[in-house]
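Biologist: Could you walk me through this model, one feature at a time? I would like to see how each answer is reached.

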Amino acid sequence: MEISIPFHELNFSYARSRGPGGQNVNRTNSAAILRWNLFNTQAFNEDVKARLIEKLSSQLTSEGDLLIRSEIHRDQDQNRSECIRKLQALLQKALFVPKKRYATKPTRSSVRKRLEGKKRASEVKSNRKKIDY
C-alpha cells in the first residue's frame with residue numbers, strides 16, 4: 001500500500017545532533033525532528049485514522065502528534081529524508097492486516113506418528129520398573 005501524506009502536514013524542527021560529526025556537531029542543528037498530527041490529517045479516511053490511533057496510541061502526544069527524530073547523518077537534509085522514511089515505515093507497519101488463520105485438522109500420518117511416539121515413550125518408562133520375582 002502506497003502512503004502519501006501532504007508535505008504541508010509535516011512540521012520539521014531542528015536541534016543539535018548527538019550523532020557523528022566531530023566539532024561540527026556542536027555548531028550546527030543537524031538533527032531533524034518531524035512532528036505530524038494524526039488527529040488532524042487529511043491523508044486518511046476515518047476508518048484508517050482510527051486504526052492508526054489504536055496502533056500508535058503509545059507513541060502519540062496528548063495533542064495527537066507523532067514525533068520522529070533522526071540524527072544519524074551529518075546533514076540536515078538527509079536527516080529530514082530519514083524522518084520521512086521512518087514515518088512511512090511506521091505507518092506501513094501499523095496498517096498491515098495479517099491474513100486470517102483457518103484452523104485445520106492434523107493429517108492422519110501426523111496423528112499416527114504422534115501416537116507411536118507416545119507408545120514408544122510409554123514402553124521405555126515401563127521397562128525402567130523393578131521386576132518382581
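Biologist: How many aromatic pairs does the model hold?

Modeller: This is a predicted model, where local features need pLDDT of at least 70, side-chain atom pairs count only at pLDDT 80 or more, and totals for chains, interfaces and linings use all residues. Residues are numbered from 1 along each chain as its sequence is written, and side-chain values use heavy atoms, leaving out hydrogens and water. Rings of Phe, Tyr and Trp (its six-membered ring) pair if their centres lie within 6.5 Å. By this rule, the number of aromatic pairs is two.

Biologist: Which kind of pair do Trp36 and Phe44 make, stacked, tilted or edge-to-face?

Modeller: Planes under 30 degrees apart count as stacked, over 60 as edge-to-face and the rest as tilted. The ring centres of Trp36 and Phe44 are 6.3 Å apart and the planes stand at 75°, so this pair is edge-to-face.

Biologist: In which order do the three strands of the open sheet lie?

Modeller: Strands (E, at least two residues) are DSSP runs numbered from the N terminus, and two of them pair if DSSP finds at least two bridges between them. E1 (10–15) and E3 (65–70) each have a single partner strand, so both stand at the edges. The pairing is antiparallel, and the order is E1-E2-E3.

Conventions: Helices (H or I, at least four residues) and strands (E, at least two) are DSSP runs, numbered from the N terminus.
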